[in-house]
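The sequence and the model are shown first, and the description follows.

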Amino acid sequence: MAQVEATTERIIAADAGTVFDALADYRGTRAKLLPEQFSEYEVREGGDGAGTLVHWKLQATSKRVRDCLLEVTEPSSGQLAEKDRNSSMVTTWTVTPAGEGRSKAVVTTVWNGAGGIGGFFERTFAPKGLGRIYDAVLARLAAEVEK
């Protein structure tokens with residue numbers, strides 16, 4: 001099994017603290033950021049950054065739906081990590097300053113991919129598809145915090 005990785009980033013016209021706080025707000029802001037590929041969103045514990053347990057289903061393709069139960073940690077300042085209890089998938093959000101009143105938000109998802117021919121297709125196409133999904137999340141994040 002090879003590790004598969006998808007990374008997307010965006011410069012946002014808001015300071016890093018504001019962007020991070022919006023991402024860490026699982027009870028309020030985060031649900032508003034999710035495009036149609038996400039369903040059954042539910043905060044089960046916490047709701048603000050580390051210590052949050054959140055559930056959703058992610059429909060990456062018409063045939064592929066992941067049932068995700070994510071434990072949220074804050075490994076370092078400006079960073080949220082969402083570890084899926086149901087798989088090897090980990091999504092890390094990193095927010096850093098990018099000049100006056102601007103920040104850079106980077107989302108990286110990694111997981112252990114399948115082997116064989118299925119794994120080849122997963123490594124080839126899944127990062128692009130997931131990148132498009134998270135690009136939509138970052139666009140909604142920018143729209144939310146740049147108001």
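Helices (H or I, at least four residues) and strands (E, at least two) are DSSP runs, numbered from the N terminus. The model is predicted, so to speak of local features a pLDDT of at least 70 is needed, side-chain atom pairs count only at pLDDT 80 or more, and totals for chains, interfaces and linings use all residues. Residues are numbered from 1 along each chain as its sequence is written, and side-chain values use heavy atoms, with hydrogens and water left out.

Phenylalanine 20 is found in helix 1. Its relative accessible area is 13%, so phenylalanine 20 counts as buried (buried means under 20% relative accessible area, exposed over 50%, and partly exposed in between, with a 1.4 Å probe and protein chains only). Leaving aside residues up to four places away in sequence, phenylalanine 20 touches Glu74, Gly78, Gln79, Leu80 and Val95, where contact means heavy atoms within 4.5 Å. The C-alpha atoms of phenylalanine 20 and glycine 78 are separated by 6.3 Å, although the two residues are 58 residues apart along the chain.

Aspartate 21 also belongs to helix 1, which covers residues 16-24. With a relative accessible area of 51%, aspartate 21 is exposed. Together with Asp15, Asp48 and Glu74, Asp21 forms a negative surface patch. Patches are made of residues with over 30% relative accessible area and no salt bridge; like charges are joined within 9 Å, and nonpolar side chains (Val, Leu, Ile, Met, Phe, Trp, Tyr) within 5 Å. Asp and Glu count as negative and Lys and Arg as positive, while His and the chain ends are not counted.

**Salt bridges**

Side chains of opposite charge can pair when their charged atoms come close. A salt bridge is a side-chain nitrogen of Lys or Arg within 4 Å of a carboxyl oxygen of Asp or Glu. A search of the whole structure finds seven salt bridges, including those in the table.

| Acidic residue | Basic residue | N to O distance |
| Glutamate 9 | Lysine 104 | 3.7 Å |
| Glutamate 82 | Arginine 30 | 2.8 Å |
| Glutamate 144 | Lysine 32 | 3.3 Å |

Glutamate 9 forms a salt bridge with lysine 104. Because glutamate 9 lies in strand 1 (residues 3-12) and lysine 104 in strand 7 (residues 103-112), this pair ties together parts that are 95 residues apart in sequence. Glutamate 9 is partly exposed at 47%, and lysine 104 is partly exposed at 29%.

Glutamate 82 and arginine 30 meet through their side chains. Glutamate 82 lies in strand 5 (residues 79-84) and arginine 30 in helix 2 (residues 29-33), so parts that are 52 residues apart in sequence are tied together. Glutamate 82 is buried, with a relative accessible area of 1%, and arginine 30 is buried with a value of 1%.

The side chains of glutamate 144 and lysine 32 also meet in a salt bridge. This pair links distant parts of the chain, 112 residues apart, with glutamate 144 in helix 3 (residues 116-145) and lysine 32 in helix 2. Glutamate 144 is partly exposed, at 21% relative accessibility.

**A backbone angle and a loop**

Most residues other than glycine have a negative phi. Glutamate 40, which is not a glycine, has a positive phi of about 55°. Glutamate 40 is placed in strand 2 (residues 38-45) and is partly exposed, with a relative accessible area of 48%.

Serine 62 lies in the loop between strand 3 (53-59) and strand 4 (65-73). At 67% relative accessibility, serine 62 counts as exposed.

Definitions and conventions. Areas by Shrake-Rupley, 256 points an atom, 1.4 Å probe, with all protein chains shown as cover. Charge placed at Lys NZ, Arg CZ, Asp CG, Glu CD.
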